[in-house]
Amino acid sequence: MTRDEFNAYCATKPATSHVVQWGNSDVWKVGGKVFALCGWNDGKDAFTFKVTPLAFEVLGDLPGIRPAPYLASRGMKWLQHYDTPGLSDDELKAHFDISYALVSKGLSKKKRGELGIPEPDPTL
């Protein structure tokens with residue numbers, strides 16, 4: 001996945017906003033909270049997203065995937081796809097969807113209603 005493809009995909013999510021910060025990273029937010037970002041890793045795009053505790057344990061040791069620098073070191077369940085083989089584009093998109101749902105779930109019901117965000121999956 002390229003940075004442009006990442007940005008195009010994240011832009012399809014309801015009520016999102018995009019900012020460039022933290023050393024030219026593309027940061028995507030819902031309700032003012034980060035759900036995905038793309039920054040640099042040795043000149044290559046690296047994609048960071050929130051995951052469930054189980055996904056953090058299972059995926060965190062795969063080649064090309066690691067606990068997200070800064071975020072995971074503070075006890076947060078975030079992973080970073082930084083190299084091959086990592087995840088396929090379709091798998092990355094699925095994880096961006098889950099990250100969006102997890103972050104949306106953390107918003108108040110009132111805030112979700114104001115933003116027109118559907119009720120999150122209760123199994124997440």
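Analyst: Two residues are in contact when heavy atoms lie within 4.5 Å. This is a predicted model: local features need pLDDT of at least 70, side-chain atom pairs count only at pLDDT 80 or more, and totals for chains, interfaces and linings use all residues. Residues are numbered from 1 along each chain as its sequence is written, and side-chain values use heavy atoms, with hydrogens and water left out.

User: Which residues does Lys 13 touch, leaving out those up to four places away in sequence?

Analyst: Phe 35, Asp 97 and Tyr 100. Lys 13 itself sits in the loop between α1 (3-10) and β1 (16-21). Helices (H or I, at least four residues) and strands (E, at least two) are DSSP runs, numbered from the N terminus.

User: Is Lys 13 buried or exposed?

Analyst: Buried means under 20% relative accessible area, exposed over 50%, and partly exposed in between (1.4 Å probe, protein chains only). Lys 13 has a relative accessible area of 17%, so Lys 13 is buried.

User: Over which ring does the charged end of Lys 13 sit?

Analyst: A charge sits over a ring if NZ of Lys or CZ of Arg is within 6 Å of the ring centre and within 35 degrees of the ring normal. For Lys 13 the ring is that of Tyr 100, with the charged end 5.5 Å from the ring centre. Tyr 100 is also one of the residues that Lys 13 touches. Another case is Arg 66, which lies over the face of Tyr 82, at 4.1 Å from the ring centre.

User: How many aromatic pairs does the structure hold?

Analyst: The distance of the centres and the angle of the planes describe such a pair. Rings of Phe, Tyr and Trp (its six-membered ring) pair if their centres lie within 6.5 Å; planes under 30 degrees apart are stacked, over 60 edge-to-face, the rest tilted. The structure holds 5 aromatic pairs. One of them joins Phe 6 and Phe 47: the centres are 5.4 Å apart, the planes at 45 degrees, and the pair is tilted.

User: Which parts does the pair of Phe 6 and Phe 47 tie together?

Analyst: Phe 6 lies in helix α1 and Phe 47 in strand β4, so the pair ties together parts 41 residues apart in sequence. Phe 6 is buried at 0% relative accessibility. Phe 47 is buried too, at 2%.

User: What is the geometry of the pair of Phe 6 and Phe 96?

Analyst: The ring centres are 5.2 Å apart and the planes stand at 75 degrees, so this pair is edge-to-face. Phe 96 lies in helix α3, so the pair ties helix α1 to a part 90 residues away in sequence. Phe 96 is buried, with a relative accessible area of 1%.

User: Which residues do ring pairs link into a cluster?

Analyst: Phe 6, Phe 47, Phe 49 and Phe 96.
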